[in-house]
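Student: Can we go through this one label by label? I'd like to see what each term rests on.

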Amino acid sequence: ILIALDSSSQSLAALDAAVEIAHQRGGELLGVFVEDSELLRVTACNVAVEVGASAAQSRDLQHSDLESIFRSLAAHAKQSLELAAERRRVPWDFQVIRGQVEETFSELIKDADVTALGAMSSRWPTSSGFGTTTLKVLKQAKGGVFIARNGKSITFPVTVVSRTLEESKLALETAFSMGSLCHHYFNVLYLPSDNPLHELELRQWLTQLSQDKAVLFRMFVIDPPTMMNVAGYLQAFRPGTLILPDLPWFKKSRFLKQLQNLDCPVYLIRGMKETEE
């Protein structure tokens, strides 16, 4: 489980989720702090100026100052990872990598089963949506992606979008696991197919697993199952944590644009192995 760490509340919320995912799946955590080589290059030229966000006061930003800041932030990130992982007794490792942020994570996500990160590294009062690194990870990652929003980790109610049982089984199993953390309850948004047996099969499987796991579910049918109808429902009912299966149209820019308007954590399930008992 790869976790992108910095000093933001978004990053710490993603860390909490990564620990829970690793605990449930028996995985290991790899925390990564990236020292931005572009910033270091600028400060080495003695042309960088730091401007305060509140008082708007400026001062020269020296190369040595930025290196000191990076060391301090990396130490804080490592300590946060250690405390969170030890709480759940999850194996962990930590790396500091110097390089360009987007390119670094583009390489790291190739080997990750799940990548957890914040929607953006910092949040200005007027900003919304996903940062450029987060969007790149969403589009390129072959494994799952968990995105924390506004300092929120796994929150109630968990809501999972589902089509056929075959396509959505991993997402539904994840919803059952997370539902046990959130009042033993979650929502299912069902996208009906032309075959009515698909819905019957899904309801029977959900009912059986609900009895076995002692986790309740509530099912809503989105008909017609269009991208706009799904986005409209999610905006109106505000899911706590949204879980999406690996369906092609969830990766399209049009849907990702709608997704950015939701004020909730998002967990996109991709390429994950079956949960071990």
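This is a predicted model: local features need pLDDT of at least 70, side-chain atom pairs count only at pLDDT 80 or more; totals for chains, interfaces and linings use all residues.

Student: What makes strand 11 and strand 12 (residues 266-268) a pair?

Tutor: Three bridges join strand 11 to strand 12, and the two run parallel. The cut-off is at least two bridges, so they pair. Within that pair, Leu242 sits opposite Val266. The chain gets from strand 11 to strand 12 through helix 9 (residues 253-260), in a right-handed β-α-β crossover.

Student: And what is on strand 8 (residues 158-162)?

Tutor: Strand 8 pairs with strand 11 as well, in the parallel sense over three bridges. There, Val158 stands opposite Thr241.

Student: On to rings. Why is the Phe33 and Phe70 pair called edge-to-face?

Tutor: The ring centres of Phe33 and Phe70 are 6.2 Å apart, and their planes meet at 70°. Phe33 is in strand 2 (residues 29-36) and Phe70 in helix 3 (residues 63-88), so the contact ties together parts 37 residues apart in sequence. Phe33 and Phe70 are both buried.

Student: Why is the pair of Tyr233 and Phe237 called stacked, then?

Tutor: Their planes are 15° apart, with 4.3 Å centre to centre. Under 30 degrees counts as stacked, so that settles it.

Student: Is Tyr233 buried or exposed, and what about Phe237?

Tutor: Tyr233 has a relative accessible area of 16%, under the 20% cut-off, so it is buried. Phe237 comes out at 55%, over 50%, so it is exposed.

Student: Last one: what makes Glu35 and Arg98 a salt bridge?

Tutor: Their closest N and O atoms are 2.9 Å apart. The limit is within 4 Å, so they qualify. Glu35 lies in strand 2 and Arg98 in strand 5 (residues 92-99), so this bridge ties together parts 63 residues apart in sequence. At 10% relative accessibility Glu35 counts as buried, while Arg98, at 48%, is partly exposed.

How values were computed. Residues are numbered from 1 along each chain as its sequence is written. Side-chain values use heavy atoms; hydrogens and water are left out. Helices (H or I, at least four residues) and strands (E, at least two) are DSSP runs, numbered from the N terminus. A crossover is right-handed if, with the strands pointing away from the viewer, the path from the first strand over the helix to the second runs clockwise. Rings of Phe, Tyr and Trp (its six-membered ring) pair if their centres lie within 6.5 Å; planes under 30 degrees apart count as stacked, over 60 as edge-to-face and the rest as tilted. Buried means under 20% relative accessible area, exposed over 50%, partly exposed in between (1.4 Å probe, protein chains only). A salt bridge is a side-chain nitrogen of Lys or Arg within 4 Å of a carboxyl oxygen of Asp or Glu.
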